[in-house]
Amino acid sequence: MADTLEFNEIYQEVKGSMNDGRLRLSRQGVIFKNSKTGKVDNIQASELAEGVWRRVALGHGLKLLTKNGHVYKYDGFRESEFDKLSDFFKAHYRLELAEKDLCVKGWNWGTVRFGGQLLSFDIGEQPVFEIPLSNVSQCTTGKNEVTLEFHQNDDAEVSLMEVRFYVPPTQEDGVDPVEAFAQNVLSKADVIQATGDAICIFRELQCLTPRGRYDIRIYPTFLHLHGKTFDYKIPYTTVLRLFLLPHKDQRQMFFVISLDPPIKQGQTRYHFLILLFSKDEDISLTLNMNEEEVEKRFEGRLTKNMSGSLYEMVSRVMKALVNRKITVPGNFQGHSGAQCITCSYKASSGLLYPLERGFIYVHKPPVHIRFDEISFVNFARGTTTTRSFDFEIETKQGTQYTFSSIEREEYGKLFDFVNAKKLNIKNRGLKEGMKQSYDEYADSDEDQHDAYLERMKEEGKIREENANDSSDGSGEETDESFNPGEEDDDVAEEFDSNASASSSSGDGDSDRDEKKPAKKAKIVKDRKPRKKQLESKKGKDPNAPKRPMSAYMLWLNANREKIKSDHPGISITDLSKKAGELWKAMSKEKKEEWDRKAEDARRDYEKAMKEYSVGSKSESSKTERSKKKKKKQEKQMKGKVEKKGATSKSLSSTKSPAKNMSESFKSKEFVSSDESSSGESKKEDSEEEGVASLPPSSEESASGSD
């Protein structure tokens with residue numbers, strides 16, 4: 001017999017709604033994973049007390065009862081699967097899978113039995129219907145009546161809101177059957193009553209969704225948000241996940257509480273409660289419990305008196321009461337060093353956080369997407385500008401999320417992250433070996449970092465790096481060398497023709513729009529010098545000696561292939577980081593060996609440059625002499641042309657009237673000053689026209705004199 005049984009498209013009944021998911025039965029127990037929320041219910045085999053097989057609306061169903069009174073219902077089985085399940089229960093759980101059919105007589109008179117968290121209305125030995133008491137939101141009593149009110153189910157089109165039971169009077173003295181019925185219901189019902197004092201109160205906290213400032217009162221079983229307009233009571237059982245996310249400005253923190261079912265205000269549903277804190281806010285907190293109660297209930301996770309940052313205190317208290325791990329960003333770092341990416345979703349700007357097991361977008365509207373529900377991702381070109389791109393995510397259910405206006409510099413970091421998580425990329429197509437390595441039945445929060453442990457690790461790393469930097473910063477390398485990890489792109493060196501523009505303006509990309517008009521004005525004004533710069537760039541001698549490499553670059557060229565073989569599939573950015581780490585960890589003796597090689601290369605370069613400069617000086621003197629000779633000849637030609645042009649104009653002026661005498665002759669100074677203002681290109685054109693018109697004008701003047 002197989003050790004596991006798996007069933008797809010199984011429905012779990014929770015608070016009147018049927019949640020689709022996957023069911024796995026193994027030797028260790030029963031696991032159900034909700035496809036919508038990713039929540040995992042894990043029932044240990046040792047906790048199972050009873051298993052019931054029965055016919056339901058969606059085929060056949062399985063009801064499991066545990067020793068502590070919890071009831072789990074799963075529907076969607078086929079009738080033929082009963083034998084397989086029955087044998088599995090006998091072999092691995094040592095339980096008989098009992099068959100019990102519901103009573104369909106239609107009678108409304110029977111007996112009520114309370115078993116664990118279940119109210120069962122029976123006729124004889126057969127149950128008619130069952131009500132999970134956790135669905136009850138309120139219980140009221142009348143003379144001989146008990147009324148049960150239920151939580152509204154948002155996923156269903158029609159919800160049962162109320163059931164009334166008539167309880168006949170009994171002859172027993174001192175026992176009121178109506179009150180006894182109501183007490184049995186209230187002891188197991190999910191009724192939120194703010195009785196007693198709160199454990200602690202956080203006042204005037206800034207809340208982004210729902211928007212406003214709220215006092216948060218922490219009770220043992222629920223959270224009470226008290227605002228000026230609205231109040232919300234949130235049971236801890238509805239908290240799905242907790243997130244602690246640093247803002248991009250490094251001065252604020254988001255604390256996000258994921259809720260299922262969501263809190264409601266009219267027709268609006270809030271699936272996420274988002275609090276915004278400043279890192280500078282501190283608080284001293286005293287719990288409204290004695291030290292023995294605190295130790296017994298929280299087992300060292302909380303103390304009676306605590307102090308620290310406000311966001312730390314809130315997250316610490318919530319973690320202890322909800323008993324869930326806090327999800328923090330993993331090892332992703334964007335182009336600016338932040339753990340998030342600025343983007344837009346549905347015309348609102350926000351922050352996208354790549355996590356270890358999913359993505360979360362904060363804040364309007366908040367979106368959490370798990371890796372196990374992603375079908376593929378897509379990198380698309382931005383629709384409005386080439387400076388940005390879009391990041392699209394499509395889930396297995398067909399829902400598409402588009403995060404737009406992401407800076408172009410973030411592409412490499414985000415692509416490496418997606419590639420490392422083995423998500424399918426649509427642009428590249430499906431590749432072998434890109435299957436997700438995590439367990440499909442694992443909880444999406446299982447592998448998450450603890451927020452406080454993560455923070456302490458980061459602080460330790462920073463201290464170590466500072467210590468290493470201070471010890472290594474004695475200045476071994478005096479020459480200009482490449483320091484791994486430092487990004488210093490010398491644009492002017494790579495593009496010499498644009499050196500003046502890049503040096504005069506700032507380094508940031510944000511000033512590019514301001515640079516464009518300045519560049520245009522410069523091109524029109526300094527056209528000649530720019531041509532000379534281009535000519536000098538084009539005429540650069542390819543035989544000139546190449547500059548020597550630094551010790552690090554010599555070592556990297558010698559060891560690049562070894563690093564690639566030790567880390568197959570490593571990207572270029574990761575390779576440079578790894579090389580920087582290896583170089584930093586290298587001993588002084590080994591570094592000195594490469595320093596000697598770099599020094600030898602530098603001496604060879606200086607020697608070669610001296611030999612090259614001696615040869616180039618003689619060549620340059622020859623070229624300078626030839627240029628001077630050429631310029632002298634050009635000046636002589638220009639003088640002749642101007643002289644002949646002046647005589648032709650004076651001869652032709654004898655035919656023209658006297659009123660044009662002032663316009664017929666132009667001196668050399670007048671011609672040069674007038675034409676030079678319109679640009680040197682026009683001057684050259686006018687000179688060429690003068691040369692071409694010289695022979696006919698001289699002939700005409702001669703004929704006129706005859």
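**Ground rules.** I number residues from 1 along each chain as its sequence is written. Because the model is predicted, I take local features only at pLDDT of at least 70 and side-chain atom pairs only at pLDDT 80 or more, while totals for chains, interfaces and linings use all residues, and side-chain values rest on heavy atoms, without hydrogens and water.

**Aromatic pairs.** I looked up the ring pairs and found 29 in the structure. Rings of Phe, Tyr and Trp (its six-membered ring) pair if their centres lie within 6.5 Å; planes under 30 degrees apart are stacked, over 60 edge-to-face, and the rest tilted.

I took Trp-53 and Phe-77: the centres are 5.9 Å apart and the planes stand at 50 degrees, so I note this pair as tilted. It links distant parts of the chain, with Trp-53 in strand S5 (residues 48-56) and Phe-77 in strand S7 (residues 71-77), 24 residues apart. Strands (E, at least two residues) and helices (H or I, at least four) are DSSP runs, numbered from the N terminus. Trp-53 is buried at 3% relative accessible area, and Phe-77 is buried at 3%; buried means under 20%, exposed over 50%, and partly exposed in between (1.4 Å probe, protein chains only).

I then checked Phe-379 and Phe-391, a tilted pair at 5.3 Å centre to centre and 45 degrees between the planes. Phe-379 lies in strand S29 (residues 374-381) and Phe-391 in strand S30 (residues 388-395), 12 residues apart. Phe-379 is buried at 9%, and Phe-391 is buried at 0%. Both belong to a cluster linked by ring pairs, whose members include Phe-332, Tyr-411 and Phe-417.

**Lysines over rings.** I count a charge as over a ring if NZ of Lys or CZ of Arg is within 6 Å of the ring centre and within 35 degrees of the ring normal. Lys-105 lies over the face of Trp-107, at 4.6 Å from the ring centre. Lys-597 lies over Trp-594 at 4.1 Å.

**A sheet of three strands.** I traced an open sheet with the order S12-S13-S14 and antiparallel pairing; two strands pair if DSSP finds at least two bridges between them. S12 (136-141) and S14 (162-166) are the edge strands, each with a single partner, so one side of each has no neighbour in the sheet. The twist averages 15 degrees from one strand to the next. S12 and S13 (residues 145-150) are antiparallel and joined by five bridges. Thr-141 stands opposite Val-146 in S13.

Technical notes: Axes are lines fitted to C-alpha atoms, for helices over the stretch in contact, and angles run from 0 to 180 degrees between N-to-C directions.
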